[in-house]
Amino acid sequence: MWQTGILILYLIHHAHTTSHSRCPALNRSVRCESYPKFDQCQTDTNCHGGKVCCPQKCGKECITPTLPIGNRPGCPVCLGTQAGTECPLCAHFQNLCNADTECKPGQVCCYNPSCGTWCNNKEPVNKPGQCPPNLPGLICPLFVRPGDCINDGSCPGKQKCCRQGCSSGCVDPEPRCGDRPPHTCAISCPFGYALDENNCPNFCKCNTGCAGNVLPKPFINCGSGQQTCPSRYQCTIPPEGGSGVCCPYECPQVKCSKPCPYGFVIDANGCQTCQCEPRCGAVCAISCPFGNVLDENNCPICECKTGCAGNVKPKPLTSCGAGQQRCPLQYQCNTPPLGGSGVCCPYELKCGPVCAVICFFGNVLDEKGCPTCACKTGCAGNVKPLSSVKCGTGGQKCPSRYQCNSPPHGYPGVCCPYETKPTPDKCPRDTYPRSRCYVRRSCKNDSSCRGNKKCCKQGCQYKCVAPVY
């Protein structure tokens with residue numbers, strides 16, 4: 001009785017269904033010349049001769065469908081009055097395609113009056129294996145959902161399209177192990193037989209006992225009263241007991257709450273933990289005057305820098321610096337940052353040996369920054385000083401508009417033109433700006449002052465004071 005009621009609901013549903021996917025496309029640029037519009041039909045039941053009710057430019061008309069209802073190559077014959085695996089009666093109508101071009105290569109667009117349109121393989125695909133048994137004694141209603149597949153070609157991988165409950169779906173097949181010839185070599189396998197491509201036991205091959213059937217560590221038996229598995233291995237015991245095998249350790253899946261910029265700590269079994277690796281590990285306790293050599297992560301290692309560019313070796317058995325020996329020609333003295341004895345390093349590459357001339361103010365450098373055989377004059381811009389005057393300690397005084405520049409080692413100085421110092425700072429405020437006292441000068445201009453001091457008027461005299469900014 002209930003099946004009759006469901007059939008009536010299906011007929012009502014089918015009668016009010018307009019299959020627009022089977023209607024020809026309308027040309028929106030063509031307008032109806034008559035007014036008002038008039039519908040010749042409302043549903044497909046108003047049409048005859050296999051025609052369907054479709055919207056046209058002047059209203060709904062009975063039109064021959066664009067997709068044939070049955071007898072189409074690659075499509076099952078679905079008349080809407082039978083229920084089967086390929087032609088179920090559906091309560092939900094859906095349009096999954098409108099033409100073959102919307103389907104994958106090798107598929108066609110098919111139509112079921114109850115379910116709508118779907119893409120179906122031209123040649124039904126039958127994959128190896130058999131469908132698992134459906135629920136016994138199951139009585140399905142007339143209306144069932146179309147399911148997730150049409151045939152085996154609709155399923156991924158080795159899965160088959162099988163009836164599951166009152167619909168069809170993609171499931172793993174059961175092996176057809178009964179069709180195999182009788183096994184000839186039934187060997188003893190503590191961990192069971194290996195499975196072939198049909199998931200049937202291979203009576204000539206054993207499982208190793210390890211995940212993924214990988215090989216265990218050879219020549220070791222573990223378990224009660226047996227050896228212990230080494231690091232990064234775990235003992236696996238057969239289901240019925242006995243000696244076990246050492247399998248590679250299976251790391252558990254871990255989800256850490258925060259990322260680690262330098263990676264996670266790996267434990268003794270080779271598994272990731274949620275502990276972060278430090279920026280740089282501990283450094284061995286050795287004294288490195290020039291610092292430690294750095295690795296590719298800029299972390300110090302247990303090796304000292306030589307103190308020379310490119311970490312090349314210095315001249316052996318030679319110490320230079322204050323109170324030490326002088327480096328020979330083609331070598332220069334490099335001292336540690338914190339002081340102490342230096343090392344004699346070869347002059348850095350693209351600089352050659354320097355000619356033996358004494359330059360009190362240093363050598364002129366070339367465009368590569370290497371010393372040449374020309375000496376610096378001691379004046380700004382390397383301009384020439386007064387040639388007839390030697391100034392400084394025990395020397396003469398420089399004439400007006402000249403200043404005395406002395407070399408760093410206390411040798412006689414030279415008289416250079418006054419340098420104009422850039423002084424963006426200002427003099428401090430004069431506390432007696434209108435004083436009428438005699439003004440004395442201990443400085444002439446800013447160039448007369450050392451460091452960053454300025455020559456400023458302060459009361460009754462000009463003197464070198466710290467500037468204000």
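# Strands, disulfides and ring contacts in a predicted model

Strand S1, residues 52-56, and strand S2, residues 59-63, pair in the antiparallel sense over five bridges. The model described here is predicted. Between S1 and S2 the chain makes a hairpin through two residues. Within this pairing, Val52 stands opposite Ile63 of S2. Strands of a sheet pair through backbone hydrogen bonds, either parallel or antiparallel.

## A three-stranded sheet

Antiparallel pairing also holds together an open sheet of three strands, with the order S16-S18-S17. Its edge strands are S16 (319-320) and S17 (331-334), each of which pairs on one side only. S16 and strand S18 (residues 342-346) run antiparallel and are joined by two bridges. Ser319 has Val343 in S18 as its bridge partner.

## Disulfides

A disulfide is a covalent bond between the sulfur atoms of two cysteines. In this model the count comes to 23 disulfides. Three of them, including the link of Cys229 and Cys246, are set out in the table.

| Disulfide | S to S distance | Torsion about the S-S bond | Handedness |
|---|---|---|---|
| Cys229 and Cys246 | 2.1 Å | -90° | left-handed |
| Cys359 and Cys375 | 1.9 Å | -65° | left-handed |
| Cys443 and Cys455 | 2.0 Å | about 90° | right-handed |

Where in the chain do Cys229 and Cys246 lie? Cys229 is in the loop between S9 and strand S10 (233-236), while Cys246 is in strand S11 (residues 245-248). The pair links distant parts of the chain, 17 residues apart. Cys229 has a relative accessible area of 15% and is therefore buried. Cys246 is buried as well, with a relative accessible area of 0%.

The disulfide of Cys359 and Cys375 has sulfur atoms 1.9 Å apart. Are Cys359 and Cys375 buried or partly exposed? Cys359 counts as buried because its relative accessibility is 16%, under the 20% limit. Cys375, at 31% relative accessibility, counts as partly exposed.

The disulfide of Cys443 and Cys455 has a torsion of about 90° about its S-S bond, so the link is right-handed. Cys443 is in the loop between strand S24 (440-441) and strand S25 (454-458), and Cys455 is in S25 itself, so the pair ties together parts that are twelve residues apart in sequence. Cys443 is buried, with a relative accessibility of 3%. Cys455 is also buried, at a relative accessible area of 11%.

## Contacts of aromatic rings

How many aromatic pairs does a search of the whole structure find? The search finds one aromatic pair. The pair consists of Tyr193 and Phe203, whose ring centres are 5.0 Å apart and whose planes stand at 65°, so the arrangement is edge-to-face. Planes count as edge-to-face when they are over 60 degrees apart. Tyr193 belongs to strand S8 (residues 193-195) and Phe203 to strand S9 (residues 201-206), so the pair ties together parts that are ten residues apart in sequence. Tyr193 is partly exposed, with a relative accessible area of 26%. Phe203 is partly exposed too, at 22%.

Another ring, that of Tyr462, has a charged residue over its face. This residue is Arg441, at 3.9 Å from the ring centre.

## A loop residue and an annotated region

Glu102 is found in the loop between strand S3 (94-95) and strand S4 (107-112). With a relative accessibility of 47%, Glu102 counts as partly exposed. Which residues does Glu102 contact, leaving aside its neighbours within four places in sequence? Glu102 is in contact with Cys97 and Cys119. From Glu102 to Trp118 is 16 residues in sequence and 10.0 Å in space, C-alpha to C-alpha.

UniProt, in an unreviewed entry, places the feature "domain: Antistasin-like" at residues 180-206, 251-276 and 276-304. Over residues 251-276 the chain is 31% strand and 0% helix. The end C-alpha atoms of this stretch are 18 Å apart.

Note on methods. Residues are numbered from 1 along each chain as its sequence is written. This is a predicted model: local features need pLDDT of at least 70, side-chain atom pairs count only at pLDDT 80 or more; totals for chains, interfaces and linings use all residues. Side-chain values use heavy atoms; hydrogens and water are left out. Two strands pair if DSSP finds at least two bridges between them. Helices (H or I, at least four residues) and strands (E, at least two) are DSSP runs, numbered from the N terminus. Buried means under 20% relative accessible area, exposed over 50%, partly exposed in between (1.4 Å probe, protein chains only). Contact means heavy atoms within 4.5 Å. Rings of Phe, Tyr and Trp (its six-membered ring) pair if their centres lie within 6.5 Å; planes under 30 degrees apart count as stacked, over 60 as edge-to-face and the rest as tilted. A charge sits over a ring if NZ of Lys or CZ of Arg is within 6 Å of the ring centre and within 35 degrees of the ring normal. UniProt positions are given in the numbering used here, feature names are shortened, and annotations may be inferred rather than shown by experiment. A disulfide is a pair of cysteine sulfur atoms within 2.5 Å.
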